Amino acid sequence: MDLVDNPDLPYNVFAKACPSRGTLEHVTGRWGALTLGALSEGSLRFNELRRRVDGVSEKMLSQTLQALERDGLVYRDAQPTNPPRVDYELTPLGHEVAGRLLGLIHFVEGRMDEVLAARERYDTARGGR
């Protein structure tokens with residue numbers, strides 16, 4: 001079976017107008033992947049999540065969380081306390097996606113010596129960077 005085009009699935013991420021493409025972008029974008037990975041460790045408040053995902057701006061984290069919530073991957077629990085308390089956690093679908101992402105993340109982390117060596121060879125062959 002061709003792994004790129006699976007006729008048994010009603011969606012095709014390679015088709016420009018397919019809605020699955022947007023979800024793939026939300027999940028695999030830098031902030032989406034890191035946010036899902038961080039939330040796989042458990043429920044976090046916004047500022048806890050922002051500290052965990054080092055380098056993300058408040059605006060980008062907010063946009064990322066909204067996109068992931070809309071896609072059904074993140075649950076936002078706003079409690080009517082004073083001050084308001086908002087916790088974020090993964091939905092069951094979000095846990096499944098995060099598990100797959102974490103496999104890729106751990107694979108990349110484990111192979112970084114090879115990646116760094118390849119970068120060095122590439123840069124040396126092209127006159128340095």
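This report describes the core, helices, a pocket and some backbone features of a predicted model.

## Nonpolar core

The largest nonpolar core holds 21 residues, and those touching the most other members are Leu36, Leu39, Leu49, Leu65, Val74 and Tyr88. Two or more residues each come from helix H2 (30–39), helix H3 (46–52), helix H4 (58–70), strand E3 (85–90) and helix H5 (92–110). H2 gives the largest share, five residues. In soluble globular proteins, nonpolar side chains tend to be buried together.

Leu39 illustrates the packing. Beyond its neighbours within four places in sequence, Leu39 is in contact with Leu44, Leu49, Leu65, Val74, Tyr88, Glu89 and Leu90. Among these contacts of Leu39, Leu49, Leu65, Val74 and Tyr88 are also listed with the core members that touch the most others.

## Helix H2

H2 is mostly covered, with eight of its ten residues buried. These are Trp31, Gly32, Ala33, Thr35, Leu36, Gly37, Ala38 and Leu39. Leu36 and Leu39 are also among the core residues that touch the most other members.

## Helix H4

H4 has 13 residues, which at 1.5 Å a residue should span 18 Å; the end C-alpha atoms are 18 Å apart, in agreement with that value. The buried residues of H4 are Leu61, Thr64, Leu65, Ala67 and Leu68. Seen down the helix axis, the buried residues of H4 fall within an arc of 165°, so they line one face of the helix. Lys59, Gln66 and Arg70 are exposed on the other side of H4. The partners against which the buried residues of H4 pack are helix H1 (20–28), H2, H3, strand E2 (74–79) and E3.

Not counting residues up to four places away in sequence, Leu61 touches Thr35, Phe46, Leu49, Arg50 and Val56. The C-alpha atoms of Leu61 and Met112 are separated by 26 Å, with the two residues 51 apart along the chain. Thr64 is also found in H4, and its relative accessibility of 8% is under the 20% cut-off, so Thr64 counts as buried. With residues up to four places away in sequence left out, Thr64 touches Trp31, Gly32 and Thr35.

Cys18 is placed in the segment before H1. Its relative accessible area is 12%, so Cys18 is buried. Leaving out residues up to four places away in sequence, Cys18 touches Tyr11, Asn12 and Val13.

Thr91 lies in the loop between E3 and H5. At 15% relative accessibility, Thr91 counts as buried because the cut-off is 20%. Thr91 touches Gly72, Leu73, Val74 and Tyr75, again without residues up to four places away in sequence. Of these contacts of Thr91, Gly72 follows H4, and Val74 is listed with the core residues that touch the most other members.

## Second largest pocket

The second largest pocket contains about 260 Å³ of space. Its lining is made of Ser20, Thr23, Leu24, Val27, Thr28, Val97, Arg100 and Leu101. H1 and H5 each supply at least two residues of this lining, and H1 gives the largest share, five residues.

## Helix H6 and backbone geometry

Helix H6 (residues 112–125) has 14 residues, which at 1.5 Å a residue should span 20 Å; its end C-alpha atoms are 20 Å apart, so the two values agree. Just after H6, Gly127 takes a positive phi of about 85°. Gly72, which follows H4, likewise has a positive phi, near 80°.

The peptide bond joining Asn82 and Pro83 is cis, with omega about 0°. Pro83 lies in the loop between E2 and E3. Most residues other than glycine have a negative phi, and most peptide bonds are trans.

Notes: Residues numbered from 1 in each chain as written. Predicted model: local features only at pLDDT ≥ 70, side-chain atom pairs only at ≥ 80, totals over all residues. Heavy atoms only, no water. Core = buried A, V, L, I, M, F, W, Y, C linked by side-chain atoms within 4.5 Å. Buried < 20%, exposed > 50% of the residue type's maximum accessible area, 1.4 Å probe, protein only. Helix = DSSP H or I, 4+ residues; strand = E, 2+ residues; numbered from the N terminus. Contact = heavy atoms within 4.5 Å. Expected span 1.5 Å × (residues − 1). Arc of directions from axis to C-beta. 1 Å grid on protein atoms, 1.4 Å probe; cavity = no way out; pocket = protein on both sides within 12 Å on 5 of 7 lines; lining within 4 Å. Points joined across faces, edges and corners; volume = space filled by probe spheres on them.
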